[in-house]
Amino acid sequence: MEDAFVHSALPLLAVLLPIVGAGIVPALGRGSERVRHVALLTICSATAVLALWFVPGALAGDVREAYLLRVTPQIWLHLRVDALGVLFGATVAVLWLIVLIYSIPFMTDSHRLRRFYSFLMLCLGCMMGVAYAGNLLTFLIFYELFSILTYPLIVHEETPAALAAGTKYIVYILIGGSLVLVGVVFTFFIAGEQTLAAGGVLSSDMDGGALRAIFWCFIAGFGVKAALVPLHGWVPDAHPAAPAPFSAILSGVMVAAGTFGIARVVFQVFGVEVLSQLGVMPYVAALAALTVLFAAVLAVNQDGIKRRLAYSTISQMGYVTLGISLLGPGAAVGALVHITNHAFMKGALFLCAGLLSKHAGIRNVSEISGAARRMPWTMAMFSIASLGMIGTPPLAGFIGKWYLGLGILDAGRPFYLIVLLGGSLIAAVYLLPIIYRAYFGQPPSASARCPDEREAPTSVLAPALITTLLTIVLGLAATVPGSPLSLAQQAVDSFFR
Amino acid sequence: MLAVTATTMLGAAALVPLVASNPRVGAEIPVMIGRLTFIADPFGMVFALFSTFVWFCATLYSLDYLSHHERHDLYHCTSLVVLGSMLGVVLAGDLVTLYLFFEALGLVAFLFVIHTRTAEASRASVTYLWMTVLGGFALIGGIFLTHALGGDVSLAPIPLHDSPELLRWTTFALFVLGFGVKAGMVPVHVWLPDAHPVAPASASALLSGVMIKAGAYGIFRTVSALFRPEVVTDVSEQLWRAAAGFGLAVLWLGIATMAIGVVLALGQHEAKRMLAYHSVSQMGFILVGIGAAGYIGPEGAMGTAGGLFHAVNHALFKSALFLGVGAVIYRTGQGDMYRLGGLWRRMPWTFAFMLVAAAGITGVPLFNGFVSKCLIHHALEQAYDVQRLASLDIAEKIYVATCGGTACSFIKLIGLVFLGKPEHEYGPEVTDPPPRMLAALALLAAAIVALGVRPGLLLNGVFEPGLRAWALPTQRIAYYLDVYFLSPADLMSVVVAFAIGATVYVVGMRFSLFHIHAPAWVGVGYWYHASARGFLACSAWVGDSYDAYLEAVSRFLRNTLIGARSMWRMIERDIDHLAVIVATGMPGIKGRHFVRTAHAALDKEREATVRYAVTKAHAWLQSREDFDARRSHDTLEAVRDIAAYMTRRQHGQRTRTLAEMVRSGEAEAARRAFEHVMHEIRAYRSGVAHTAIELAEQRMSGLDVIDQISEAAERLSREEGFDRRLRTPLEHERPTRVALHDSLGADAERVTDTVGRWRARWFGHAERAVRRSIEITRLVVESATEEHSRWAIPQQVDPRTVLKMRRRIQRYARDTSLGVAAIVLFFLVVVVSVLVGSVR
């Protein structure tokens with residue numbers, strides 16, 4: 001079956017809309033905050049609607065393309081919306097919209113809001129570019145841009161800790177980015193610039209050593225972003241330092257962008273056949289397994305809630321990498337669907353963590369005792385999202401893990417089943433005590449309480465509630481056409497044709 | 001509440017005619033992965049029936065029992081969710097559905113366990129939670145592995161022909177473990193005796209009576225549905241042998257469970273705790289029945305029927321017992337058997353119903369336990385007959401002994417609580433409980449008797465059609481009803497059991513054997529806790545060592561950085577020195593040495609001044625009242641910055657002065673005065689320190705102090721007057737101004753004295769040549785620098801402009817270099833692309 005190509009300016013619009021928005025938002029904000037918020041929400045909703053607009057087409061196998069710029073006959077920029085891109089793009093846009101709704105009331109008393117929002121919008125545009133990139137050069141440009149534009153958002157608080165975390169982030173990410181650059185240049189050198197499509201740019205009759213070098217450059221480069229274990233150092237520092245809404249994005253889609261990059265490289269730069277002949281994937285799988293278990297074990301002893309969640313992100317992204325690296329259709333579906341499901345579950349967890357810290361002053365697990373009595377909604381949402389992370393059916397986390405488990409067995413590596421279940425079990429060990437304490441722990445004495453410990457206002461609860469509902473709905477309605485699962489299946493079908 | 005449970009019960013009852021006409025009634029809901037399927041076959045139906053019946057009774061009972069409790073809304077809410085999950089488990093049509101409801105059941109029932117919120121309850125609930133979670137993971141692992149074995153997730157036999165033995169056994173073990181946790185199977189029973197007694201009595205009845213049956217149901221499905229060869233298609237010997245192995249394993253787990261449960265039950269004081277241990281033990285009976293059926297194979301109808309019958313029976317009598325004991329606690333407030341007694345007068349109806357339930361659990365003829373225990377016993381004998389394994393003979397003996405132990409326990413319970421003498425007089429409030437509670441007990445007791453008298457209801461009505469639907473022979477059940485039911489042999493076995501029980505009771509009470517307790521480390525619970533603690537300790541260790549590793553790496557990096565910086569400073573100093581030499585011309589050896597030492601001393605002085613300022617600032621900050629660690633750290637940094645800037649300017653001034661003096665031939669004088677001057681200028685350290693602290697304070701409050709800093713630096717150098725001081729001694733012994741080359745020549749001659757004439761000559765020649773060339777360079781450099789200094793003399797330009805200019809230049813340089821880098825990169829890409837293009 002040949003995919004139908006449709007030339008369309010819509011992908012370009014999805015990328016440009018937020019970027020243009022980033023330009024006009026600071027100008028608008030000078031007058032009234034209200035206008036700025038309306039403009040932000042309009043832009044973000046329009047982007048989300050566009051991203052969801054592509055879903056039916058992607059399910060039907062259509063591919064929309066938009067050529068941006070042809071620098072030389074060999075070099076051009078180009079957007080291409082395939083099922084994988086639609087899945088990631090829709091996740092990004094929807095999560096971004098939810099986070100924006102959350103951050104408008106949440107960030108009101110913060111400083112330098114214009115900077116915050118315009119960088120937020122810039123990042124959204126670049127992320128959409130990453131999702132819809134049609135060739136490696138476009139991918140690289142948007143990937144580097146959003147990596148660097150993230151910096152002002154991480155250091156937004158401008159506390160020494162935030163600045164230190166930002167420095168750490170930028171050092172890690174620039175090193176990772178330059179490795180990706182090397183990989184891209186090398187690929188270009190031996191294969192020329194080509195469209196990213198199923199089957200791969202590289203073929204197995206090329207030099208094996210060169211292919212291995214390219215592969216490891218890409219894995220190390222994207223591995224920094226995807227927080228593969230020896231390269232994960234920036235994650236646990238950047239998450240607690242960033243403002244809560246942004247940590248939700250950081251954890252939900254930014255780290256996932258690394259795994260998305262790995263997926264693009266594995267399935268569309270190399271292709272399944274080349275990689276299985278090259279025999280490098282078992283090493284990546286072992287690395288991913290190490291990531292899952294090591295990060296989970298480290299998470300158990302973190303006292304800071306956001307820090308614990310950050311380690312959890314590392315661990316969960318390990319699942320995605322594991323699923324991709326097994327090179328089997330089932331595992332790949334599980335991995336891709338877990339990107340989306342994890343984004344919303346972790347989004348809910350971080351948004352709740354933000355509410356706990358802002359409205360009850362709770363930043364550490366040791367302070368959370370009795371929080372459920374004060375903030376029943378927040379803790380209920382936190383609990384549902386936690387159960388989802390652990391993989392309890394019928395919540396979203398179960399879907400990815402189910403397909404991943406079946407994929408592991410189809411790939412004939414039952415050993416990784418232990419990693420899958422062990423990681424989830426340790427997730428229970430680091431998440432359930434939080435809930436248990438919040439509901440059944442002894443609340444602190446009256447003197448230790450801070451004055452305004454009431455449930456957070458509806459305006460911030462509502463977005464968190466949306467992510468929680470998505471956690472439930474994505475689990476219950478996993479097989480409905482248009483769900484992440486169907487998109488992932490569509491994408492994987494094309495890779496394994 | 002009552003209405004809802006009653007409707008549910010009626011709904012379950014409505015399944016009876018449906019299932020009778022078609023043994024697989026099903027429904028599907030299209031959610032989650034594909035769909036959730038529900039199938040009601042006779043076995044599922046019977047579980048649903050007794051669950052809803054017991055639930056109805058317990059709810060009826062709880063209305064009065066919980067009336068004075070807090071949180072009864074939460075209780076009823078939990079109860080309904082758990083009922084729904086329970087029905088979901090027993091009516092599930094595939095493994096995913098079953099797993100979904102099984103997890104929901106386990107997690108929501110947690111709220112029952114922690115309901116009272118006492119310290120004991122929270123301890124029990126933690127154990128319960130972790131065991132449930134672990135069980136859930138074992139179960140999902142097993143479900144995954146059925147996929148590897150080639151099964152779909154339906155509750156149909158897995159094709160076992162060509163799968164490796166290890167995989168088969170692992171899958172089976174995971175299933176049994178997953179369900180066994182819920183069923184209270186030894187060795188994963190530890191949560192049960194803690195969790196069941198701490199819940200309110202009606203919840204205990206549900207936990208012990210109904211919910212653990214979900215585990216038994218699961219093990220039944222595992223043995224009889226999943227790991228059973230497809231009977232119709234192939235009855236190959238080898239496959240049945242594999243299935244028999246699984247059956248035998250379950251059988252032995254059952255034997256261990258029943259024996260250990262009963263032994264532990266005998267040692268209990270508290271009535272509810274004892275009942276909980278009996279739940280463990282009775283689950284053992286059920287497992288033995290199911291296991292025996294699996295071991296025997298196609299002819300194992302009696303085992304299946306016995307095991308499931310016992311599940312129904314246990315639900316009825318165990319909930320009745322918990323409710324009865326609850327009634328006693330409700331009235332007396334006392335749950336310790338040894339402190340109660342003689343209640344039969346005060347609570348006659350309760351006594352009667354308890355007696356019926358105890359007769360049921362001990363297996364008195366015409367009560368329900370008799371039938372199921374005899375069925376299981378016959379199944380065990382039949383299993384022995386299959387291969388005549390000696391071990392099964394022992395198992396049969398243990399079985400009889402356990403029946404004896406059970407009898408003993410309940411003689412003890414009835415004897416201590418209702419008969420015997422009370423420890424003290426009861427108040428007037430100790431009477432039979434309110435009618436609704438009694439009605440619940442009466443309903444259960446009626447069911448116990450009904451099933452005891454008419455076992456055919458279940459055996460012919462449910463189990464036979466169920467087994468027939470699987471195409472298994474069912475003659476054994478009919479044979480039991482015709483031949484064995486109420487036969488002398490069976491009656492004898494009951495008598496034997498009661499004889500053993502009475503003996504144990506008498507001996508135990510006489511020698512108070514029931515108060516002996518084994519040390520903690522004998523129990524598996526101790527080891528579970530130890531391993532959980534071990535895991536936490538391990539993870540803490542991993543975390544700590546990882547942190548230590550990170551710390552070491554960053555320390556290494558920091559040290560490297562510091563080393564590189566100090567090395568750079570050394571190089572810089574040498575360059576500085578070289579520049580001075582170049583600028584001043586080559587002095588003689590002495591002059592050279594002097595310039596070098598003077599530079600070193602001045603540099604040291606500069607560093608010392610900064611250090612002095614920081615120390616001063618530190619002491620000052622410490623002495624302040626509003627000492628704030630973070631703020632003072634920032635202030636110290638500011639002081640360091642400002643002092644460093646000022647001293648750098650001072651240093652520049654001093655070295656310039658020195659260079660000028662050396663150049664103008666005053667080197668000797670400067671050398672003589674230097675020691676003294678260095679000593680004097682130390683006094684100016686405090687000036688720098690004070691200014692720096694003052695300005696740092698201003699800077700911390702947000703003021704721009706650049707102007708003040710340079711002004712202060714100017715002022716300080718004026719006050720210090722380094723050049724004036726260096727020249728002061730010249731006033732009284734002013735030497736004649738000698739030309740530069742002369743002084744150098746004098747130095748050279750002095751050298752000749754010390755190192756020898758012939759060498760000095762060559763040295764002198766060389767030096768003279770060098771000197772000349774340097775002289776020329778010096779002149780060039782001097783003119784060049786003079787030109788330069790005339791162009792930008794700092795005194796004449798506003799220092800602020802200089803700073804601004806410098807910043808602008810830096811920025812410009814950076815931008816330009818970035819731009820150049822970008823262009824280079826771009827061209828690189830272009831060149832590469834063109835190359836690649838041309839190659840193609």
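Visitor: Which residues touch the most other members of the largest nonpolar core?

Guide: In this predicted model, they are Met127(A), Leu336(A), Val113(B), Ala320(B), Ala357(B) and Ile448(B), out of 410 residues in that core. Helix H3 of chain A, residues 83–106, gives the most to this core, with 19 residues.

Visitor: What makes Leu316(B) a contact of Ile448(B)?

Guide: Two residues are in contact if their C-beta atoms, placed from the backbone, lie within 7 Å. Leu316(B) is listed as a contact of Ile448(B), so their C-beta atoms lie within that cut-off. With neighbours within four places in sequence left aside, the contacts of Ile448(B) also include Phe317(B), Ala320(B), Val356(B) and Ala357(B).

Visitor: Why is strand S1 of chain B said to lie largely in the open?

Guide: A residue is buried if 20 or more other C-beta atoms lie within 10 Å of its own. Of the five residues of S1(B), residues 25–29, the number buried is zero, so the strand lies largely in the open.

Visitor: How do you know that S1(B) and strand S2 of chain B pair?

Guide: Pairing requires at least two bridges between two strands. Five bridges join S1(B) to S2(B), residues 36–40, therefore the two strands pair; they run antiparallel. In one of these bridges, Ala27(B) has Phe38(B) as its partner.

Visitor: How many residues does each chain bring to the contact between chains A and B?

Guide: Chain B brings 30 residues and chain A brings 32 residues. On the side of chain B that touches chain A, helix H5(B) gives the most, with nine residues. The residues of that side divide into 20 nonpolar, eight polar and two charged.

Methods:
Residues numbered from 1 in each chain as written. Chains lettered and ligands numbered in written order. Predicted model: local features only at pLDDT ≥ 70, side-chain atom pairs only at ≥ 80, totals over all residues. Buried ≥ 20, exposed ≤ 12 C-beta atoms within 10 Å, placed from the backbone. Helix = DSSP H or I, 4+ residues; strand = E, 2+ residues; numbered from the N terminus. Nonpolar A, V, L, I, M, F, W, Y, C, P; charged D, E, K, R; others polar. Core = buried A, V, L, I, M, F, W, Y, C linked by C-beta atoms within 7 Å.
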